[in-house]
Amino acid sequence: IQTLEKNLQDFKNRHGDIEKFLALTETRLKSARELLPLENSQDNFAAEIYKIAEKNKVRVNSIQIGELEPIDSDNTDKKLLRQSVKVKIEADYISTLNFLRDILNGERLTAIETISLVSDKDILNGDIELSIFNLAAPS
């Protein structure tokens, strides 16, 4: 018991108020989970794409979400997964830029892999391939 009490006091001395430390740790953990969520959250990402599109006046013609795959061959425990997301859009130039910026600045770790844009007067038709990253769900 004395050892536990000493360890608790040492912890309090290092971190101050335990409740504040716990709240800060939970906030950091929540932020990390949103940046790199569990694998079953791809539907949330599709909903976020539509929300960002609406905000930026971008028409989303389709979203295709690929299969989960390990990042690379060194990822032997398969805890970090990548998923391809293909989005077809129509928008003007500024709306397209704002749309892409908002996707990259979102709460989730996202990479733009390829962008193909074709101009039809003032409207751009775009094919965008994104990668989203996930943690494998615990088994």
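Modeller: One definition to start: helices (H or I, at least four residues) and strands (E, at least two) are DSSP runs, numbered from the N terminus. This is a predicted model, where local features need pLDDT of at least 70 and side-chain atom pairs count only at pLDDT 80 or more, while totals for chains, interfaces and linings use all residues. Residues are numbered from 1 along each chain as its sequence is written, and side-chain values use heavy atoms, with hydrogens and water left out.

Colleague: OK, helix α1. How many residues does it have, and how far does it reach?

Modeller: Helix α1 covers residues 2-15, which is 14 residues. From first C-alpha to last, α1 reaches 20 Å, close to the 20 Å expected at 1.5 Å a residue. The expected span is 1.5 Å times one less than the number of residues.

Colleague: How many of its 14 residues are buried?

Modeller: The number is 0, so α1 lies largely in the open. Buried means under 20% relative accessible area, exposed means over 50%, and partly exposed is in between (1.4 Å probe, protein chains only).

Colleague: What follows α1?

Modeller: G16 does, with a positive phi near 70 degrees.

Colleague: How many salt bridges does the count come to?

Modeller: The count is 7. One of them joins R59 and E90, with the closest N and O atoms 3.9 Å apart. R59 lies in strand β1 and E90 in strand β2, so the pair ties together parts that are 31 residues apart in sequence. R59 is exposed at 53%, and E90 is partly exposed at 25%.

Colleague: What about R101? What does its side chain meet in a salt bridge?

Modeller: The side chain of D102, at 3.0 Å from N to O. Salt bridges that share partners join K55, R101 and D102 into one network. R101 is partly exposed at 41%, whereas D102 is buried at 12%.

Colleague: Switching to strands. Where is S131?

Modeller: S131 sits in strand β4, residues 123-135. S131 is buried, at 0% relative accessibility.

Colleague: What does S131 touch?

Modeller: Not counting residues up to four places away in sequence, S131 touches R82, Q83, L109, T110, A111 and E113. Contact here means heavy atoms within 4.5 Å.

Colleague: Which side chain makes a polar contact with the one of S131?

Modeller: The side chain of E113, at 2.8 Å. A polar contact is a pair of N or O atoms within 3.5 Å; within protein, one must be able to donate a hydrogen and the other to accept it, and residues adjacent in sequence count only if both atoms are side-chain atoms.

Colleague: Tell me about E113. Which strand is it in?

Modeller: Strand β3. E113 is partly exposed, at 41% relative accessibility. Leaving aside neighbours within four places in sequence, E113 is in contact with R82, E129, L130 and S131. E113 and S84 are 29 residues apart in sequence, with their C-alpha atoms 8.9 Å apart in space.

Colleague: You mentioned Q83. Is Q83 buried or exposed?

Modeller: Buried, with a relative accessible area of 2%. Q83 is in strand β2, residues 80-91. Its side chain reaches the backbone oxygen of G66 at 2.8 Å.

Colleague: Now the loops. What is the phi of K57?

Modeller: Positive, about 55 degrees, although K57 is not a glycine. K57 is in the loop between α3 (42-55) and β1 (59-70). K57 is exposed, at 70% relative accessibility.

Colleague: And K121, where is that found?

Modeller: In the loop between β3 (110-120) and β4. K121 is not a glycine, yet has a positive phi of about 60 degrees. K121 is exposed, at 76%.

Definitions and conventions: Salt bridge = Lys/Arg side-chain N within 4 Å of Asp/Glu carboxyl O.
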